[in-house]
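Here are a few exercises to work through with the model open on your screen. Try each one yourself before reading the solution.

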Amino acid sequence: MRSALAYRPSRAPLQSAGAPAALVFTWSLAFAAFASASPLVFAGAGAGVAVVALRAGATRAFLAALRWGAALGLVMIVVNGLVAHRGNTVLARLGDWPLLGRVDVTLESLAEGATIALRVVVVLAAFAVYSACVDPDRVLRLLRPLARRSALTATLVARMVPLAAADATRLRDAAALRGPGAAPAGRAVLARRLVAGSLDRAIDAAATLELRGYARVSQAASASHRRSRHDRRFLAAGLVIAGGSLLARIAGVGDFHAYPDLSLDASPLTLALVAAIPLLAWIAFPRSRRPHRRPAPALAKEPAGA
């Protein structure tokens with residue numbers, strides 16, 4: 001079973017776009033979540049990621065990131081609610097705990113944890129869609145003149161993560177198919193076998209790359225990459241999303257403060273920014289053109305009395 005994060009070659013606009021345009025477009029949504037402090041902007045960036053996943057055919061990667069991010073976000077909310085004792089609205093007084101001292105769960109601490117969790121979910125989803133839609137080989141060719149070893153390492157990581165996820169699925173299926181007399185395979189055993197298999201694969205990949213000459217500095221010029229007709233749309237949309245988020249942060253649009261009381265900026269400028277992010281993500285994709293069907297020729301009528 002192929003991992004949801006694995007890149008799938010396709011003739012779709014984002015998959016066929018050049019590496020610079022695809023990188024700027026997909027990473028701009030994650031940058032919007034990092035640049036702002038407002039959960040409203042996070043929600044707008046998440047809606048933009050959902051639009052990209054839908055238009056690019058990467059819904060499996062998006063849903064997988066949502067599942068992982070939901071579990072991680074729940075942990076963040078609980079931990080922040082127990083550790084952060086600030087805020088004026090006390091919801092529960094849980095007494096004294098070892099190492100934590102007096103634990104008072106406040107509305108503000110839970111809201112702060114939910115805001116952090118939402119940012120993490122949006123960033124995970126953005127990079128999951130990037131992994132499924134952007135060709136890592138094109139990224140390697142783009143970054144190789146700048147940082148040869150770092151670009152190769154990043155590309156290998158992007159390739160190995162989907163393989164590790166597929167290995168984990170196969171190991172779980174194999175453990176479930178064993179007989180009742182077999183020793184139970186817990187998470188620690190599966191994790192140990194997964195790490196061992198990943199190390200073996202990394203050693204084999206390193207040996208293969210060395211034999212192919214990646215350890216030597218090549219004097220050949222990098223191969224030219226043909227540009228897609230959609231590059232300008234994706235590049236412009238990504239720059240507008242990233243630049244608008246940065247300017248909004250500098251201008252103080254979309255402020256959010258959790259302590260001592262909740263304070264959320266919901267001004268028209270903030271709402272306009274929230275609505276503009278998914279709208280730009282939608283506009284970046286060209287409209288799908290349905291094939292024009294020619295009308296069937298009308299049958300000639302037979303003359304009366306024939």
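**Exercise 1.** Work out what span helix 4 (residues 59-83) should have, and check it against the model.

*Solution.* Keep in mind that this is a predicted model. Start with the count: helix 4 has 25 residues.

**Exercise 2.** Find which residues of helix 4 are buried, and what covers them.

*Solution.* First, pick out residues with under 20% relative accessible area. In helix 4 that gives you A61, F62, A64, A65, G69, G73, N80, G81 and L82. Then see what lies over them: the cover includes helix 3 (39-56) and helix 5 (107-133), along with strand 1 (90-97) and strand 2 (101-106).

**Exercise 3.** Decide how helix 3 and helix 10 (residues 268-283) are oriented: roughly parallel or roughly antiparallel?

*Solution.* Take the axes first: they come within 8 Å and cross at roughly 10 degrees. Angles under 35 degrees count as roughly parallel, so helix 3 and helix 10 are roughly parallel to each other. Now for the residues making the contact: helix 3 brings L40, V41, G44, A45, A47, G48, V51, V52 and R55, while helix 10 brings T270, L271, L273, V274, I277, P278, A281 and W282. Sort the residues of this contact by type and you get 13 nonpolar, three polar and one charged.

Notes: Residues numbered from 1 in each chain as written. Predicted model: local features only at pLDDT ≥ 70, side-chain atom pairs only at ≥ 80, totals over all residues. Heavy atoms only, no water. Helix = DSSP H or I, 4+ residues; strand = E, 2+ residues; numbered from the N terminus. Expected span 1.5 Å × (residues − 1). Buried < 20%, exposed > 50% of the residue type's maximum accessible area, 1.4 Å probe, protein only. Contact = heavy atoms within 4.5 Å. Axes fitted to C-alpha atoms, helices over the stretch in contact; angles between N-to-C directions. Parallel < 35°, antiparallel > 145°, perpendicular 65-115°, else oblique. Nonpolar A, V, L, I, M, F, W, Y, C, P; charged D, E, K, R; others polar.
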